[in-house]
Amino acid sequence: MRRVWGLLSITAFALVAIQNARSADTSTKPAEVPEVTVTGEVTSSLTSVSPEESAKQKTQVPGAFTIKNADEMKLGRASNFEDLLQRAPGVFLQSENGAEVSKISIRGSGITSEDEPLGVMFLLDGLNFNQGDGETILEDFDVVSLSYAEVFRGADAFKYGALTLGGAINLVPFTGYNAAPFQVRLEGGSYGFFRDDMSGGAVQGQFDEYGAIGFRSRDGFREHSRENTEILFADLGYKFSDQVENRFYLTLDRTNRNLPGGLTKSEMEDAPSQANPLRDSPGLEQGVVIRSPGGQTKHSN
């Protein structure tokens with residue numbers, strides 16, 4: 001008997017609950033919820049892809065594509081492009097007397113270049129950095145100002161044109177969005193090597209700016225191989241809207257370098273640090289480089 005009353009109680013309770021649910025469903029009174037406002041702010045550049053976004057793009061490239069982050073370079077010496085691109089698969093670099101890199105080869109391309117890299121396309125945020133004869137003066141760019149570098153080997157570089165079979169290296173500098181507000185780096189080493197860099201970035205409304213100034217000095221291993229380099233780099237961006245951004249790059253540099261000349265095999269075995277008195281010569285290079293995408297437009301998703 002108790003079981004029967006228990007079942008009847010449960011059944012009655014279920015009927016009441018179902019009736020209340022139906023009444024709630026058939027109510028015509030609209031539900032009121034508080035108003036919610038969602039606001040967002042763009043925290044990255046539209047024309048200069050962040051390292052995280054570049055890493056996502058790498059998963060979509062089926063071939064040989066390498067990203068060299070500047071954080072890896074900063075664990076050691078950060079003097080030239082050899083320090084940045086070393087250990088990149090398929091990339092061969094050679095510097096003249098320990099100074100700036102004079103030869104960069106990707107899978108054998110440009111292996112015959114002499115005083116300046118030849119046969120590899122260099123880009124600054126996707127803008128061609130090569131000269132009219134195909135050579136690239138890497139002294140016109142401060143390697144410390146780089147956020148990362150994209151190395152495209154072989155046909156993967158065709159995204160930048162049909163004449164890039166030798167490969168391409170896209171250099172992506174810091175912007176006001178991803179640069180430290182202020183930092184100083186000092187380096188020193190053997191043979192009178194010394195380098196100091198000071199940089200900083202900021203975002204002010206629609207503007208973002210990044211600037212770096214550096215000085216490099218070395219006596220060199222050989223006689224008559226002293227070098228002094230001063231370089232200034234500036235990166236200024238302006239957002240016209242959430243989908244349109246323009247960016248300007250400015251480089252001022254001055255290099256005073258002594259070239260010790262070549263030695264014969266016997267001279268090298270006798271005294272490898274000596275200079276060739278008949279072929280050594282001083283070198284003075286000055287450069288002013290201005291790059292701008294010219295109102296480059298990118299659409300953000």
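1. Arg247 is buried, because its relative accessible area is 0%; buried means under 20% relative accessible area, exposed means over 50%, and partly exposed lies in between (1.4 Å probe, protein chains only). Arg247 sits in strand S12, residues 245-259. Helices (H or I, at least four residues) and strands (E, at least two) are DSSP runs, numbered from the N terminus. The side chain of Arg247 makes a polar contact of 3.0 Å with the side chain of Asp208, and a polar contact of 3.3 Å joins the side chains of Arg247 and Glu245. A polar contact is a pair of N or O atoms within 3.5 Å; within protein, one must be able to donate a hydrogen and the other to accept it, and residues adjacent in sequence count only if both atoms are side-chain atoms.

2. A note on the basis of these values. This is a predicted model, in which local features need pLDDT of at least 70 and side-chain atom pairs count only at pLDDT 80 or more, while totals for chains, interfaces and linings use all residues. Residues are numbered from 1 along each chain as its sequence is written, and side-chain values use heavy atoms, with hydrogens and water left out.

3. Glu245 also has a polar contact with Lys239, side chain to side chain, at 3.2 Å. Lys239 belongs to strand S11 and counts as buried because its relative accessibility is 5%. The side chain of Lys239 makes a polar contact with the side chain of Tyr177 as well, at 2.7 Å.

4. Next, the aromatic side chains. Five aromatic pairs are found in a search of the whole structure. Rings of Phe, Tyr and Trp (its six-membered ring) pair if their centres lie within 6.5 Å; planes under 30 degrees apart count as stacked, over 60 as edge-to-face and the rest as tilted. Phe174 and Tyr210 have ring centres 5.7 Å apart and planes at 45 degrees, so this pair is tilted. Phe174 lies in the loop between S7 and S8 and Tyr210 in strand S10, so the pair ties together parts that are 36 residues apart in sequence.

5. Tyr210 is buried, with a relative accessible area of 5%. Tyr210 and Phe233 form an aromatic pair that is also tilted, at 6.4 Å centre to centre and 55 degrees between the planes. This pair links distant parts of the chain, with Tyr210 in strand S10 and Phe233 in strand S11, 23 residues apart. Both Tyr210 and Phe233 are buried. Phe174, Tyr210 and Phe233 form one aromatic cluster.

6. What surrounds Phe174, apart from its neighbours within four places in sequence? Its contacts are Lys74, Val144, Ser145, Leu146, Ser147, Ala179, Tyr210 and Asp235, where contact means heavy atoms within 4.5 Å. Phe174 counts as buried, because its relative accessibility is 11%. The loop that holds Phe174 runs between strand S7 (168-173) and strand S8 (183-188).

7. Pro181 has its place in the loop between S7 and S8. Is Pro181 buried or exposed? Pro181 counts as exposed, because its relative accessibility is 68%. Leaving aside neighbours within four places in sequence, Pro181 is in contact with Ser199, Gly200 and Gly201. The C-alpha atoms of Pro181 and Val203 are 9.5 Å apart, and the two residues are 22 residues apart in sequence.

8. Two residues deserve a check of the backbone. Most residues other than glycine have a negative phi. Asp125 is not a glycine, yet has a positive phi of about 55 degrees. Asp125 is placed in the loop between strand S4 (121-124) and strand S5 (127-128) and counts as buried at 9% relative accessibility. His224, also not a glycine, has a positive phi of about 55 degrees. His224 lies in the loop between S10 and S11 and counts as partly exposed at 33% relative accessibility.

9. Last, the cavities. The structure holds two cavities of 30 Å³ or more. On a 1 Å grid over the protein atoms alone, a cavity is a set of points where a 1.4 Å probe fits but cannot get out, and lining residues have an atom within 4 Å of a point. The largest cavity has a volume of about 120 Å³, a volume being the space filled by probe spheres set on the points, which are joined across faces, edges and corners. The lining of the largest cavity consists of 15 residues, and those nearest its centre are Asp142, Arg195, Arg216, Thr229 and Ile231.

Terms used:
1 Å grid on protein atoms, 1.4 Å probe; cavity = no way out; pocket = protein on both sides within 12 Å on 5 of 7 lines; lining within 4 Å.
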